[in-house]
Amino acid sequence: MAGMSGDDADFAVLGGGLVGAATAWGLARLGRRVVVLDEGDVAHRASRGNFALVWVQSKGLGMPRYAAWTRQSSDLWSGLADELKRETGIDTRFERPGGFSLALDEAELERRVAMLRRLHNQPEMTVALGTEIVDRGRLAGMLPEIGPDVVGGVYCPFDGHANSLKLLRALHAGMQHHGAVYRGGCAVQAIEPSADGFRIRHDGGETRAARVVLAAGIGNARLAPMVGLEAKVRPQRGQILVTERLQPFLRHPVVTVRQTDEGSVMLGDSQEEAGFDDSVGTDVLATIARRATRMFPLLGRANVVRSWAALRVMTRDGFPIYAASARHPGAFLVTCHSGVTLAAAHAYVLAPMLAAGALAPDLAAFAPERFDVSPPG
Amino acid sequence: MSAPDLPARCDIAVIGAGPAGLAAATIAARAGLSTVLFDEQPAPGGQVHRAATTTPLADPVAILGVGQARGVALARDCAASGARILSGATVWSVAADGTLGVSLAGAASPVVARHVVIATGALERPMPIPGWTLPGVMTAGAAQILLKTGGLVGEGRVVLAGCGPLLWLLAAQYRRAGARIAALLDTTPRANWIAAARHLPGFLASPYLAKGLGLLAEVRRSVPVFGGVTELRAEGGTSGRLARVSFRRGARAEESLDADLLLLHQGVAPNVNLALSAGCAHDWDDAQLCFRPALDAWLTSTVESISIAGDGGGIGGAEVAEARGRLAALGALRRLGAGDPGGMRAKAAAHARAEIATGLRGRAFLDTLYRPAEAFRIPHDATLVCRCEEVSAARIREAVALGCPGPNQLKSFLRCGMGPCQGRMCSLTVTEVMAKARGVSPGEIGHVRLRAPVKPVTLAEIAAMPTSPEAERAVLRG
Amino acid sequence: MFRRLDDALTPAPVVGLTVDGTRIEARAGDLLAAALLAAGRGLCRTTPVSGAPRAPYCMMGVCFECLVTVDGMGSRQACLVPVREGMVVETQRGARVPGR
């Protein structure tokens, strides 16, 4: 590793997870000089704990712009996968065979359908999500291994998945291929705006950059005030189980069950408010296991080889924040909990805006000012 | 699917029925506390006293030497103490509140203990050489288990390679059993003898001295021993099995031996997976080249409800393990406020601590003498480090070059340590390879973060564990 | 690769099992992995990554090389399973078949 201080760059991206890496790669491929500052090996790293869906079907209730943004990213994803593979040789194994959510009783199905109806009936919906309600008979044709408890489900042709670990590695390899500098073990202490940009003091020394992008997940809450912004994000725990490798049996991703390209089956996932506690609990794992074995009884015999809990980066309404600092021009905030789904949008849409120095007006819906309005009722 | 034979709660849960676990459970049960000893193997004894009560060898002492009698006595005392011994039981999770996840005969249940003693012993240190995954290559410890449990010895051209007392012990046991050993390839670096010399005074006072010297002499009389071995390789034949072993000695040309069975060994290291998953803090021990838990004077870990006894707390050997088992149990009794008639506890603890001190006297000498050469811990690029996911040292070094700081990010990048062995066969190697590549200490690199289940358990078994309304709400989507 | 020290052992009943359809004999009390090695059938599985053959390695339940299908249940550790009369053992090829 070269000298740990005295970096000079067009952009400093704070955070080397999926959001930071996708943004940094997007900037580097446009020829910007990028330094990525990341924490060490034991950071709260949502990118290592995600479920790796590229998911559309349920996104955007309460913010139609988010549905469009998600759909756009889903459409851009195959291009991202191709470009990363060409550049790094790493196949992120993106597939978009269409995905399902499954219901284990009529009440569950009704809740799901009602949610989708509300989502689609929003006045400002500009995109079709193509969702269909699928009855048990049709489901059995598409997912032959479902158990007798599955009563129906929802299908969306734009849902897919990828190998998020390969994605993270490919983004890191790709951004370095384009000359970006990655610095691990460099937790940021202070960001000091100056006349010609920003001076960033971190555990590895100091970095100067004309512009700075905060992509530090939960860490954004601490960093944002340093550049005159506010990031109201909280951790939300999600627990996941993973089986040993199995022969392929599941062609479509299901929102809580998906088989990876390597054969292991991921089973998720919980949404728990537990602060920064990222330990696993057997009651939640048991619930996940019970639902998964009811959906696919043949999984009962599979060995679970791992579990983990990761902290999602949640805003109050669950939608991303994209913001530019008015007080310190050149400072940007990027935060979301769908780093896989939105990777393509971050690389191909957001990064060019950052490179040009301003967020496009059509991202205004994601501005943090929306939290200043007290929610109705 | 829940396990009917498992108790719902107990005062003290002991995990592992080697010398430490047996001693701990005996002390706890004798004090009148409800005590359950969980062990994964079919019979108690651990690895050192493996099959002590069940070996098919008609005259075990004649082949194995002394030691089995101690295992028999420990198991007998434990059974008589009132402790409940559950063999064939796998503990796959331990939480800080004392809740264990246990599988027995294909069914899982939680067991809630007021205090937990982890006595999971040691693992053989990985010895990653080219070809170590070939059928025909095993560990020396494995060969000893086959001898103790099944009366089996290697057949054909048997080669032993590595360093450490167990290698020589196995060679002697094979000789006594009438099994032929084609060669013993000693990889002990010659410089270790000089480094170890300053610890000799301690070793001279240790009980291991006479035993060790006798063993060396016995083996040298009957087995061709090749000293100063480096660049060891296992090579496969057309059958995909081991065919040959190649190596060098000093500046000599490469030598090679035909081989049907290669038995590797380069010492042992604490089996820390369960303790790590429970959140007990561990530090790098550079003398023993391993992570070991931080323990107080009563062997309590940084998680107050968990003690760690035996080699899992640092390698000390069978006798030290036994004394540590007693000490850990005494500490647990103290913590739980169990009665102390006659104030005997402090005396018993002092006695155990003295025994531990005596038993550890020769350890620095052994640790220094049998410290494996760096080349056998930090392998060449082409050698597989992670056997499960087949990750080579070269790929680990590439990931480090990409900025990968430690084993957790490495796991994400390469799946290294993600297979069914959950890092048991690769984590020490990964830590040392990364440390060397980054130019930092192994302690700074750290250990991969482990979580339940620490042993594979079926999804149906996990599904049978109790759940809660909060858990259901957390999982169900609107 | 291994032979039994027949003359040095206490007598024990013979247990019959099948491995990939072939009958082998073991000693009562044997661990399955020991019985497989004694019968010259140590190749337990091929890996799901490269298809490389693997055989028992540690014999103490930690390396997971000796995974076999026992009585229809996949991925059992042969070094932890005692033999039983009539046991049906199958070696594994690559990733496990779901539901087995």
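Helix packing and cysteines

Modeller: To begin, α10(B) passes α11(B) in a left-handed crossing, meaning that the near helix is turned anticlockwise from the far one by less than a right angle. This is a predicted model, where local features need pLDDT of at least 70 and side-chain atom pairs count only at pLDDT 80 or more. Residues are numbered from 1 along each chain as its sequence is written.

Biologist: At what angle do α10(B) and α11(B) pack, and how far apart are their axes?

Modeller: Helix α10 (residues 318–336) of chain B and helix α11 (residues 344–359) of chain B pack at about 150 degrees, with axes 9 Å apart. So α10(B) is roughly antiparallel to α11(B), a label for angles over 145 degrees.

Biologist: Which residues of α10(B) and α11(B) make the contact?

Modeller: Among them are V320(B), L327(B) and L330(B) of α10(B), and A348(B), A352(B) and I356(B) of α11(B). Contact means heavy atoms within 4.5 Å. By class, the contact has 9 nonpolar, 2 polar and 6 charged residues.

Biologist: Changing topic, how many disulfides does the structure hold over all chains?

Modeller: It holds 0, a disulfide being a pair of cysteine sulfur atoms within 2.5 Å.

Biologist: Is C58(C) buried or exposed?

Modeller: C58(C) is buried, at 4% relative accessible area; buried means under 20%, exposed over 50%, and partly exposed in between (1.4 Å probe, protein chains only). C404(B) also counts as buried, at 1% relative accessibility.

Note on methods:
Chains lettered and ligands numbered in written order. Heavy atoms only, no water. Axes fitted to C-alpha atoms, helices over the stretch in contact; angles between N-to-C directions. Helix = DSSP H or I, 4+ residues; strand = E, 2+ residues; numbered from the N terminus. Parallel < 35°, antiparallel > 145°, perpendicular 65-115°, else oblique. Nonpolar A, V, L, I, M, F, W, Y, C, P; charged D, E, K, R; others polar.
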